[in-house]
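Here is a quick briefing to read with the model open beside you. Take it topic by topic and find each part as you go.

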Amino acid sequence: MSEWLFFLEVTLAGLGSGALLALTALAYVLIYKATRVVNLAVGEMLMLGAYLFFAFAAGWGLSAWIAIPLAIIGGGLVGGIVERGLIRPMLGESAISVFMVTVGLGSVIVGLVELVWGTDPRALPAFIDTSPLFLGEAYVSRKIAVAFVTAAIVIGLFLILFRFWRGGVALRATATDQAAAYSCGINVPGVYSAAWVIGGATAAGAGLLLGAIGGISPVMGVFGLSALVVVIVGGLDSVLGALIGGLALGMIQSWTSTYVGGEYTNVVTFGIMIFALMLRPYGLFGTHEIERL
Amino acid sequence: MSTDAILEIENIELVYNRSVQVLKGLSLTVPRGQVVTLLGSNGAGKSSTLKAVSRLLFLENGDLTAGRIRFDGMDTKGQSPHALVRRGLFHVMEGRRVFEDLTVEENLTAATFATTGRAEKRPNGFDAVYEYFPRLHERRKALAGYLSGGEQQMLAIGRALVADPKLILLDEPSLGLSPQLVEEIFTIIGKISRQTGVSMLLVEQNAAVAFAVAQYGYIMESGRIQLDGPTDRLLADQDVREFYLGTGGDRERSYRDIKHYKRRKRWLS
């Protein structure tokens with residue numbers, strides 16, 4: 001096999017996992033955009049979404065096409081409950097306290113999942129065809145291709161929504177100035193709930209795609225940390241940053257693990273984060289706070 | 001109280017953090033279609049009064065412990081701030097508070113949420129705003145954070161116009177603006193009031209411009225109304241002239257005039 005074809009295949013695989021990173025990053029961005037909360041439990045919400053799908057599809061024996069929407073709705077519900085139960089009472093507290101609440105929440109979710117489903121990794125019931133796909137001569141795993149297309153559609157949809165839909169303005173207005181958003185007639189608590197519900201649903205969707213590719217386990221939430229790198233590099237409040245950052249990091253990780261060695265993936269990933277933070281603390285595409293002097 | 005009032009505040013008491021009492025039994029009325037001004041020195045509780053009306057004070061740990069506020073014949077107790085805005089009560093907050101990361105146009109779009117759920121809507125979009133403030137039209141694609149202070153104030157008032165309210169609470173529109181801009185803004189405020197018939201409660205430190213657009217004035221001091229009356233009568237009041245307008249202080253006076261001195265001290269502190 002020629003060197004170039006191999007490189008192309010590695011790159012395509014990277015784009016696939018990059019799309020999942022981007023989708024997960026979108027969950028961070030949605031929640032941060034509206035509520036200015038960095039939700040560290042996104043990874044665990046993703047994992048819970050995958051387990052919900054597992055429960056519906058394998059436990060109850062539902063068909064995948066019913067179990068998928070149920071798992072996504074379940075993820076949204078979890079997001080909504082977390083917002084009402086944990087985040088809204090913390091309104092007005094310092095950012096670091098809210099941050100710590102989400103860290104705790106992540107651990108609680110891991111614990112609950114281990115209690116219910118045990119700690120062993122499991123395989124999700126297959127809902128994507130396993131026959132390989134060829135792009136020209138290059139081999140692509142069909143699962144990864146499906147994940148890529150789904151993630152691309154969802155993120156594209158959000159990009160269009162934020163550009164043309166009034167709700168996007170409400171979201172950004174609420175994030176910029178809560179009191180002023182209220183004074184414009186924006187239902188601020190409603191915006192908060194909506195952001196968490198949609199963020200939770202997105203995370204669950206990413207979770208079941210990820211689970212379909214690599215199987216599920218209570219520690220798969222670690223994937224969320226890579227996505228956190230994406231949003232920090234791309235800008236915490238930028239959907240476009242999540243997309244580009246996700247794809248880029250996916251490719252870089254894929255190249256690193258193939259050509260340098262799997263043990264270097266994390267070194268490179270978090271090295272990128274540190275460099276990005278030093279060069280552009282607000283991310284490549286994030287909003288630079290406007291200071292008037 | 002007259003039934004033709006858009007806003008009636010009766011004896012409200014306002015406490016922050018359950019410990020600091022800011023308003024101590026304040027009452028005032030805004031008649032429908034009129035501009036009423038509320039004057040007072042720093043810390044008198046003017047902004048707190050407006051926040052009590054728009055119910056934004058709960059964001060700052062404020063609590064109404066007594067009294068009643070009626071807007072358009074309805075008790076505002078228990079209403080959420082955005083619900084009040086949608087009923088036609090628009091608060092233009094102190095310090096302009098435009099959304100800095102949003103463009104001028106997006107700022108105005110944000111204000112369209114105020115007309116959610118209303119039966120009849122004005123279809124014209126933002127034309128009315130751009131007619132009053134042509135400069136906003138020029139800069140409609142610019143980020144609000146990069147506007148000048150005057151333009152930001154125009155945008156803040158423009159948002160109120162988009163919301164098409166029955167009552168506008170205006171908190172110190174002159175803050176931090178050059179005298180020329182202050183005059184420009186107040187000319188437009190007067191024009192809006194005459195042309196749209198919207199009622200306004202205007203909080204100001206600059207009494208001269210406030211009296212120019214208002215029909216009635218209240219003067220408050222440490223949480224209470226000290227003096228009120230039609231603006232032409234307040235304008236004739238010797239103390240008001242001296243302490244707020246900086247004129248008429250030429251009469252002979254001795255410092256034994258303790259009452260006068262105390263009043264002056266309170267007002268100027």
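How many bridges join strand 1 of chain B to strand 4 of chain B? There are eight, and strand 1 (residues 5-16) and strand 4 (residues 62-71) run antiparallel. Keep in mind that this is a predicted model, where local features need pLDDT of at least 70, side-chain atom pairs count only at pLDDT 80 or more, and totals for chains, interfaces and linings use all residues. Residues are numbered from 1 along each chain as its sequence is written, while chains are lettered from A and ligands numbered from 1 in the order in which they are written.

**Strands in chain B**
- Helices (H or I, at least four residues) and strands (E, at least two) are DSSP runs, numbered from the N terminus, and two strands pair if DSSP finds at least two bridges between them.
- Look for B:Glu13, whose bridge partner in strand 4 of chain B is B:Ala66.
- Strand 4 of chain B also pairs with strand 5 (residues 74-75) of chain B, antiparallel and over two bridges.

**Chain B as a whole**
- Chain B has 11 helices and 10 strands.
- Of its 269 residues, 46% count as buried (20 or more other C-beta atoms within 10 Å of the residue's own, with C-beta atoms placed from the backbone).

**Helix 1 of chain A**
- Helix 1 (residues 3-35) of chain A has 33 residues and spans 47 Å from first C-alpha to last, close to the expected 48 Å (1.5 Å times one less than its number of residues).
- Since 24 of those 33 residues are buried, helix 1 of chain A is largely enclosed by the rest of the structure.
- Just after helix 1 of chain A comes A:Arg36, with a positive phi of about 55°.

**Two crossing helices in chain A**
- The axes (lines fitted to C-alpha atoms over the stretch in contact, with angles from 0 to 180 degrees between N-to-C directions) of helix 6 (residues 166-176) and helix 8 (residues 188-214) of chain A come within 10 Å and cross at roughly 110°.
- That makes helix 6 of chain A roughly perpendicular to helix 8 of chain A (65 to 115 degrees).

**Where the chains meet**
- The contact takes 27 residues from chain B and 20 residues from chain A (C-beta atoms, placed from the backbone, within 7 Å).

How values were computed:
A residue is buried if 20 or more other C-beta atoms lie within 10 Å of its own, exposed if 12 or fewer, and partly exposed in between; C-beta atoms are placed from the backbone. Angles under 35 degrees count as roughly parallel, over 145 as roughly antiparallel, 65 to 115 as roughly perpendicular and the rest as oblique. Two residues are in contact if their C-beta atoms, placed from the backbone, lie within 7 Å.
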